[in-house]
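I opened a notebook page for this chain.

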Amino acid sequence: MTKALITNNIRRLRFFADEMTQQELAEKTGVSRQTIVAIEKGKYFPTLELAFRIALTFHVSLDEVFSFELAAEPDKKLPKK
C-alpha cells in the first residue's frame with residue numbers, strides 16, 4: 001500500500017488571521033490546544049468534521065488548510081522468470 005503524506009497550513013493561516021493563537025483556534029473549533037498543536041506538527045490527523053471546522057474558522061476551503069499526496073514508492077523489481 002502506498003503511504004499518504006498529509007500536511008497542513010494551520011500555522012500560516014493563524015499568522016494571517018491576526019496572529020491567532022493555538023488556544024483561540026482550539027476554542028473556536030471546540031477542541032483542546034494540545035489537539036491543535038498535534039495537528040500542526042502532523043502527529044495527529046483530525047476527523048473530517050474537525051478539518052471542516054478549522055477551514056470554516058479561517059473562511060477558506062479544506063484544500064487550503066490540508067494537502068494530501070501519495071508518497072513515491074521505490075521502484076519494485078519484478079521477479080526474473
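My entries follow, one topic at a time.

**Entry 1: layout**

I noted first that this is a predicted model. I then listed the secondary structure. The protein chain has 5 helices and 2 strands. Read from the N terminus, the order is β-α-α-α-α-α-β. I looked up burial next. Of the 81 residues, 27% count as buried. I also checked how far along the chain contacts reach. Among contacts with a separation of 6 or more, 59% are between residues 24 or more positions apart.

**Entry 2: Thr-2**

I went to the start of the chain. Thr-2 sits in the segment before β1. Its relative accessible area is 33%, so I logged Thr-2 as partly exposed. I then looked up a pair distance. The C-alpha atoms of Thr-2 and Ala-72 are 7.5 Å apart. Along the chain, these two residues are 70 residues apart.

**Entry 3: the loop between α1 and α2**

I found one at Asp-18, with phi of about 55°. Asp-18 lies in the loop between α1 and α2. Glu-19 is in that loop too. Phi of Glu-19 is near 55°, again positive in a residue other than glycine.

Are they buried or exposed? Asp-18 is exposed, because its relative accessible area is 77% and the cut-off for exposed is over 50%. Glu-19 has 55% relative accessibility and therefore also counts as exposed.

**Entry 4: helix α3**

I asked which residues of α3 are buried. They are Ile-36, Val-37, Ala-38, Ile-39 and Glu-40. What do these buried residues pack against? I found β1 (4–8), α1, α2, α4 and β2 (66–70).

**Entry 5: α2 against α3**

I describe two packed helices by the angle between their axes and the distance between the axes. For α2 and α3, the axes come within 8 Å. They cross at roughly 110°. I therefore wrote down α2 and α3 as roughly perpendicular to each other. The band for that word runs from 65 to 115 degrees.

I listed the residues in this contact. From α2 they are Gln-22, Gln-23, Leu-25, Ala-26 and Thr-29. From α3 they are Arg-33, Ile-36, Val-37 and Glu-40. By class, I have 4 nonpolar, 3 polar and 2 charged residues in the contact of α2 with α3.

**Entry 6: α2 against α4**

I repeated the check for α2 (residues 22–29) and α4. Their axes are 9 Å apart, and the packing angle is about 115°. I therefore logged α2 and α4 as roughly perpendicular as well. The crossing of α2 past α4 is right-handed.

Which residues meet here? Leu-25, Lys-28 and Thr-29 come from α2. Leu-50, Arg-53, Ile-54, Thr-57 and Phe-58 come from α4. I sorted the contact of α2 with α4 into 4 nonpolar, 2 polar and 2 charged residues.

**Entry 7: salt bridges**

Side chains of opposite charge can pair when their charged atoms come close. I searched the whole structure for such pairs. How many salt bridges are there? The search finds 2.

In one, Glu-40 pairs with Arg-14, and the closest N and O atoms are 2.6 Å apart. This pair links distant parts of the chain. Glu-40 is in helix α3 (residues 33–40) and Arg-14 is in helix α1 (residues 10–16), 26 residues apart. I checked accessibility and found both Glu-40 and Arg-14 buried.

Another salt bridge joins the side chains of Arg-53 and Glu-49, at 2.6 Å from N to O. Why do I call this pair about one helical turn apart? Arg-53 and Glu-49 lie 4 residues apart in helix α4 (residues 48–58), which means a separation of about one helical turn. Arg-53 has 40% relative accessibility, so I counted it as partly exposed. Arg-53 is also among the α4 residues that meet α2.

Conventions:
Residues numbered from 1 in each chain as written. Predicted model: local features only at pLDDT ≥ 70, side-chain atom pairs only at ≥ 80, totals over all residues. Heavy atoms only, no water. Salt bridge = Lys/Arg side-chain N within 4 Å of Asp/Glu carboxyl O. Buried < 20%, exposed > 50% of the residue type's maximum accessible area, 1.4 Å probe, protein only. Axes fitted to C-alpha atoms, helices over the stretch in contact; angles between N-to-C directions. Parallel < 35°, antiparallel > 145°, perpendicular 65-115°, else oblique. Left-handed = near helix turned anticlockwise from the far one by under 90°. Contact = heavy atoms within 4.5 Å. Nonpolar A, V, L, I, M, F, W, Y, C, P; charged D, E, K, R; others polar.
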